[in-house]
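Subject: Structure handover

Hello,

Here is the structure I promised to pass on. Please open it alongside this message; my notes follow below.

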Amino acid sequence: MTYNDRTFGILMIVLAVAYGWGATQLPAPFGGSEAVGPETFPLLLSVVLGLSSLYMIVRPDPDNAWPWSRTGVELVVAVVILVLYAALLQPLGFILSTTLAVGTLCWRMGSAPVRAYLTGAASGVVVFLVFNFALDLALPLGLLSFLEVS
Amino acid sequence: METLGFLIDGFGVALAPQNLMFALLGAFLGTLIGALPGLGPANGVAILIPLAFTLGLPAETAMIMLTAVYAGAMYGGRISSILLNIPGDEPAMMTCLDGYPMAQQGKAAEALAISAVASFIGSLVATIGLILLAPLLADFALTFGPAEYFALFLLAFATLGGITGKNPMKTVVAAAIGLMIATVGIDNTGVQRYTFGVLELYEGIDFIIAIVGLFAISELLFFIEEKAGGGKAKMMVNKLTLSWSDIRNILPSSLRGGVLGFIAGVLPGAGASLGSFIGYTLEKKIVGKKGYFGKGDPRGVAAPEAGNNGASSGALVPMLTLGVPGSGTTAVLLALLISLNITPGPLMFTQHADVVWGVIAALLIGNFLLLVLNIPLVGIFVKLLSVPPMYLLPVVTMIAFVGIYSISNTTFDLYFMVAFGVAGYLFRKLEIPLVPVILGLLLGPEMEKNLRHAMDIGDGNWMVLWDSGLAIGLWVFAGMGLILPYIVGPILRRRMRVTTGTGGPEGD
């Protein structure tokens with residue numbers, strides 16, 4: 001099967017065309033245009049990407065299998081955890097969000113739940129202490145801000 | 001003898017107590033990174049870059065620490081090759097051949113010690129080579145004009161896949177994508193490109209975010225897919241009984257391996273895996289029937305290890321003198337230099353002589369430190385091999401998050417990093433190499449600047465790009481870099497596969 005390379009090649013040609021078109025729409029720089037304007041290099045790139053993607057469509061490599069079913073779900077779960085971690089880092093604070101994120105990841109990767117969340121909590125507390133006291137870099141405390149010593 | 005003076009100054013920098021401490025820390029962390037499963041050298045150095053910023057280290061200290069990490073990771077990679085027959089990184093593949101049989105014969109400690117000594121000799125030979133060659137190359141590079149630089153960047157991309165690379169066209173795709181990402185932001189004529197009015201994109205995409213995302217996050221996703229969360233069985237290492245005659249026995253092999261490795265490291269497109277491969281096969285030829293290669297010959301451990309470490313020091317030559325890295329990890333080191341506002345290239349040798357020679361001296365000192373660390377502490381590193389990835393990788397991911405967050409204190413960067421991680425996973429699935437993407441991100445602005453200068457000089461005539469003999473030579477080599485893999489690539493790959501008996505893992 002050679003769908004992967006072909007699909008990717010088509011997507012990249014679309015990108016190359018859109019990117020190249022975007023380059024032609026760039027305004028001329030202040031002070032008049034020169035031999036190499038802001039659009040020259042991008043246009044060059046879009047041609048290179050277009051041609052090399054075309055090659056991928058014409059001469060694709062055999063596919064690597066995608067992890068459908070359960071592993072695929074696990075991967076989506078992992079990405080969701082990472083996005084949530086980023087989103088909750090400030091509101092929940094570093095220690096709580098790290099406990100949840102690292103704990104859940106460890107658990108999903110096969111650790112026993114209790115040990116997973118303990119690892120998460122321990123790593124969160126250690127890194128927080130190291131950063132706030134040894135490196136003088138304030139990580140957000142969030143919900144735990146009542147613990148703050150001032 | 002000017003070089004010697006600079007080198008002594010360099011030692012002055014490297015032996016400053018703070019720098020020495022960070023070199024030691026880097027060497028230790030590097031060996032750890034090399035030994036731990038799922039943390040390649042490029043990945044490890046990338047994660048540590050934001051931390052070096054957070055510490056507020058001066059340029060030369062940060063560079064010394066991360067160079068030590070780089071050297072250390074090359075040491076660490078051999079531990080799992082010898083004990084588990086699983087190469088920690090691609091260049092360590094050849095070490096498995098005789099290292100693992102030695103471990104099976106209950107000589108694991110000897111194999112580890114021999115490889116440490118060989119690594120040391122290989123690095124030492126190559127560092128001396130670096131000291132001799134780098135200033136010469138830097139002087140030569142001063143004659144380069146913008147057109148030559150433009151061609152040189154092309155050469156770097158074309159040879160990045162290496163002549164053993166599978167599909168050079170995918171390298172081109174990857175490089176184009178990286179260069180495209182680099183054009184996002186306000187360019188140096190003041191025009192906004194591809195920012196879509198998003199304020200965070202005005203300054204462009206920080207390549208550190210991209211690097212950490214592409215390496216660290218995609219690694220996590222790969223481990224989840226392969227369900228490789230469980231740890232390896234605990235390893236026992238016998239008591240070391242190594243005599244001087246054993247070391248004398250491997251000295252010639254190590255010296256030969258180091259020289260070959262250095263040459264392979266300096267040449268574009270060869271790289272550390274080819275260095276260790278050539279080192280091993282040549283050693284087998286020289287020793288001939290007297291050896292018992294493949295059945296636990298110490299010389300079969302020494303030669304590829306020396307080659308591998310020689311190549312990794314050799315790879316620093318083009319990075320430092322031309323600003324053109326030849327491997328993934330040196331690309332990451334280049335990222336560090338650029339973010340420290342140091343423009344690598346020939347001028348660095350005059351403008352930032354303290355940094356360059358400090359790093360070179362630190363490489364020498366680092367090798368001594370590594371040798372001292374590695375022989376007595378090997379037990380600790382062996383224990384670390386059995387840390388299960390299911391705990392390790394989430395914690396590493398968390399450290400990546402903290403590092404990126406600490407750059408700008410915004411969550412916007414974190415989303416970006418996750419997005420790069422997902423992209424990195426997809427690329428790796430499609431066997432599109434990640435290193436050209438990163439190199440594109442790093443070299444994009446410089447490449448465009450040189451194109452602009454060349455065209456300004458040539459008054460808009462494209463012919464100016466291949467106007468000099470040197471430029472033409474570089475173009476020819478770049479073309480060969482793309483075509484040769486189709487011709488000799490399959491042969492070399494087959495021979496490497498026959499020798500190792502495996503396909504070997506991807507990546508660097």
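Two residues are in contact if their C-beta atoms, placed from the backbone, lie within 7 Å. On that basis, 52 residues of chain A are in contact with 49 residues of chain B. Please keep in mind throughout that this is a predicted model.

The interface, from the chain A side

Which elements of chain A give two or more residues to the side that touches chain B? They are α1 (3-24), α2 (40-58), α3 (69-92), α4 (94-108) and α5 (113-134). The most comes from α3(A), with 12 residues. By class, this side of chain A has 36 nonpolar, 12 polar and 4 charged residues.

Chain A itself

Chain A has 5 helices and 0 strands. Its elements run α-α-α-α-α from the N terminus on.

The overall dimensions deserve a look. The radius of gyration of chain A is 24 Å, whereas a compact globule of 150 residues would have one near 15 Å. Along the principal axes, the C-alpha trace of chain A spans about 60 × 50 × 20 Å. Of the 150 residues in chain A, 33% count as buried. Take the contacts in chain A with a separation of 6 or more: residues 24 or more positions apart account for 58% of them.

The core

The largest nonpolar core has 214 residues. Those with the most contacts inside it are B:Leu66, B:Ile211, B:Val212 and B:Ile438. Helix α6 (residues 108-141) of chain B gives the most to this core, with 18 residues. Chain A takes part as well: the core draws at least three residues from each of domain 1 (1-66) and domain 2 (67-150) of chain A.

What does B:Ile438 touch, leaving aside its neighbours within four places in sequence? Its contacts are B:Gly178, B:Phe207, B:Ala210, B:Ile211, B:Leu214 and B:Ala331.

Helix α2 (residues 17-35) of chain B has 19 residues, so at 1.5 Å a residue it should span 27 Å. Its end C-alpha atoms are 27 Å apart, which agrees. Among the buried residues of α2(B) are B:Phe22, B:Gly26, B:Leu29, B:Gly30 and B:Ile33. The buried residues of α2(B) pack against α1 (2-14), α3 (41-54), α4 (59-84) and α16 (353-384) of chain B.

Helix α7 (residues 146-160) of chain B has 15 residues. From first C-alpha to last, α7(B) reaches 21 Å, close to the 21 Å expected. This helix is mostly covered: 15 of its 15 residues are buried.

Two loop residues to check

B:Asn409 has a phi near 60°, a positive value in a residue other than glycine. B:Asn409 lies in the loop between α17 (389-408) and α18 (412-429) of chain B. Is B:Asn409 buried or exposed? B:Asn409 counts as exposed, because it has 12 C-beta neighbours inside 10 Å.

B:Glu431 also has a positive phi, about 60°, although it is not a glycine. B:Glu431 lies in the loop between α18 and α19 (435-457) of chain B. With 16 C-beta neighbours inside 10 Å, B:Glu431 counts as partly exposed.

Best wishes

Definitions and conventions:
Residues numbered from 1 in each chain as written. Chains lettered and ligands numbered in written order. Predicted model: local features only at pLDDT ≥ 70, side-chain atom pairs only at ≥ 80, totals over all residues. Core = buried A, V, L, I, M, F, W, Y, C linked by C-beta atoms within 7 Å. Buried ≥ 20, exposed ≤ 12 C-beta atoms within 10 Å, placed from the backbone. Helix = DSSP H or I, 4+ residues; strand = E, 2+ residues; numbered from the N terminus. Domains from an automatic or database assignment. Rg over C-alpha atoms; globule rule 2.2 N^0.38 Å. Expected span 1.5 Å × (residues − 1). Nonpolar A, V, L, I, M, F, W, Y, C, P; charged D, E, K, R; others polar.
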